[in-house]
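Take a look at the sequence and the model below. Then read on for a short tour.

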Amino acid sequence: EGTAGGGGSTPQGSRVDRKEGWLTSQILGLGPVLGNMSQAGPRIKHRVSYFHDAEAGQFYLGPSHPMKPHRVQLAHQLILGYELHNKMICFRPHRASDAEMKKFHTEEYVDFLLTINPDNMDMMSSQMKEHNVGFVGQYDCPVFDGIFPFCQLQAGGSLDGAAKLIDGSADIAINWSGGLHHAKRNEASGFCYINDAVLAILEMLKFFPRVLYIDIDVHHGDGVEEAFYLTDRVMCVSLHKYDGNFFPQTGDIVENGEGKGKYYSINVPLNDGIDDETYEQMFKPIIRAVMGTYDPKAILLQCGADSLAGDRLGVFNLSVKAHGDCVAFVKSFNIPTLVVGGGGYTIRNVARCWAYETSLCCDTNVSNDLPWSEYWHYFAPSYQLHADLRPKEWAYAENRNTQQDLDKIRVEVLEKIRGLQGAPSVQMKEMPPAFFVDMDSEDEDMLTDEQKRVRSMERAIYASNEYYPSRTEFRGAEEAAGGGGA
């Protein structure tokens, strides 16, 4: 393993001999890092904003393509079945404009996505090659019908979520359509066309001096790391499979950032088959140390579900419970958090995972027995939330992460975090304008009763073809806004 910035020696078991007990306490998951900032905050009731558009699950990348946007709709139906929508404020996200996307992506690339479609591909072959987009079955990022609206909904949900954290109306914002962390400034990559996470973080940086990006996808969050590789205002922490060959072939422990961003990229390379217990040994001490040292003022948590056992493209052995424990641990620090999706290619398990994590964000216990929905048959034969995630013909991958290797990685990462010696400061000026005009940002006193009623109802999710136990919450919202319910 590389030793840049840390130079940690190989530990014996889980102990490291140091004059100070700092490293040992972190390896064992004990005690504070730097004062009380490393400790999770008191339990509070979190205000949650949830962003979903039923159209986001209707796109289709091709019969052989592993990315199935329909997984978002499966998760949404479980969320409705568990009545979690009653615990959140639900919104239909705006469609991000090309101007919003160009805040990170090049003008040429965004204009290409706006123009390309299956009917004009033959005339745009050179641009397709330049932007790493191609034919279905030949490229990871194919051209498909509705490619730009697909990008608009994903990016819009994350930008809207960031806006809710900035204006203080939510403690947690959720956009399961987002988290497409591989997209680069001028090209698509790894099923990702527009990097909604980067766009959301850029928006958050207008208000928050430091933002922490945490990635628990099985693949390295290379697109986000690359975007912020030279700055200390964003710390990127990614736990992922790395052997030099596994996509995207980046994320070694020695990749730490450059310039002002030196040591603000934290990569935790893992091997095949890591299980619940060993993943927790890595995740919690490292995140606790980051919280104490970096003192983030906002978090973007990418919850790629391809780190679950039984994933079509993943190689880890995590359960839904362990994946959710990461979300619960981050949430316990009571820092404004945007929660997004990411990878995940066994869609019944993706739906289980994101529905469960929504319940955690809502501080709500849900039954292990899944609620009925029109997608009930997807969850056979167990019809349970915490089911055996593997198909019958699959066996759990062997855990190739030895305790000695894990301890060595953890020591090296913790030494680098300790070497940062506190949170960087930044002089904040008057907040720049938002990327988009949010209808919720208008002064309430300037609106007529009719405008208040329309605004309230337009932002609430309601589709005639979706299941809702009742419309009481919508009728109540209408009446509270001054309108007359039917």
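This report covers the sheet first, then a few residues in it and in the loops.

The model is a predicted one.

Now pick out one pair. Strand β1 covers residues 48-51. Three bridges join β1 to β3, and the two run parallel. In one of the pairings, Val48 has Ile172 in β3 as its bridge partner.

## A residue inside a strand

Strand β3 takes in residues 172-175, and Asn175 is in this strand. Is Asn175 buried or exposed? Its relative accessibility is 1%, so Asn175 counts as buried; the cut-off for buried is under 20%. Leave aside neighbours within four places in sequence, and Asn175 is in contact with Phe51, Gln154, Gly157, Ser158, Val339, Val340 and Gly341.

## An annotated histidine

His182 lies in the loop between β3 and α7. An unreviewed UniProt entry gives this residue the annotation "active site". His182 has a relative accessible area of 4%, so it is buried. Which residues does His182 touch, not counting those up to four places away in sequence? Among them are two histidines, His219 and His220. Ser189, Gly190, Cys192, Asn195, Asp222 and Gly223 are touched too. Phe247 and Pro248 complete the list.

His182 also has a polar contact with His181. The contact runs from side chain to side chain, at 3.1 Å.

## Cis peptide bonds

Phe247 and Pro248 come up again here, as a cis peptide bond joins them. Pro248 lies in the loop between β5 (234-241) and β6 (265-270). Another cis peptide bond joins Ala380 and Pro381. Where is Pro381 found? It is in the loop between α11 (347-361) and α12 (403-418).

| Cis peptide bond | Omega |
|---|---|
| Ala380 and Pro381 | about 0° |

Phi of Glu83 is near 60°, a positive value in a residue other than glycine. Glu83 sits in the loop between α2 (70-81) and β2 (89-91). How does Glu83 count, at 37% relative accessibility? It counts as partly exposed.

Tyr263 is not a glycine either, yet it has a positive phi of about 75°. Its place is in the loop between β5 and β6. Pro248 lies in the loop between β5 and β6 as well. At 24% relative accessibility, Tyr263 counts as partly exposed.

Conventions:
Residues are numbered from 1 along each chain as its sequence is written. This is a predicted model: local features need pLDDT of at least 70, side-chain atom pairs count only at pLDDT 80 or more; totals for chains, interfaces and linings use all residues. Side-chain values use heavy atoms; hydrogens and water are left out. Helices (H or I, at least four residues) and strands (E, at least two) are DSSP runs, numbered from the N terminus. Buried means under 20% relative accessible area, exposed over 50%, partly exposed in between (1.4 Å probe, protein chains only). Contact means heavy atoms within 4.5 Å. UniProt positions are given in the numbering used here, feature names are shortened, and annotations may be inferred rather than shown by experiment. A polar contact is a pair of N or O atoms within 3.5 Å; within protein, one must be able to donate a hydrogen and the other to accept it, and residues adjacent in sequence count only if both atoms are side-chain atoms. Two strands pair if DSSP finds at least two bridges between them.
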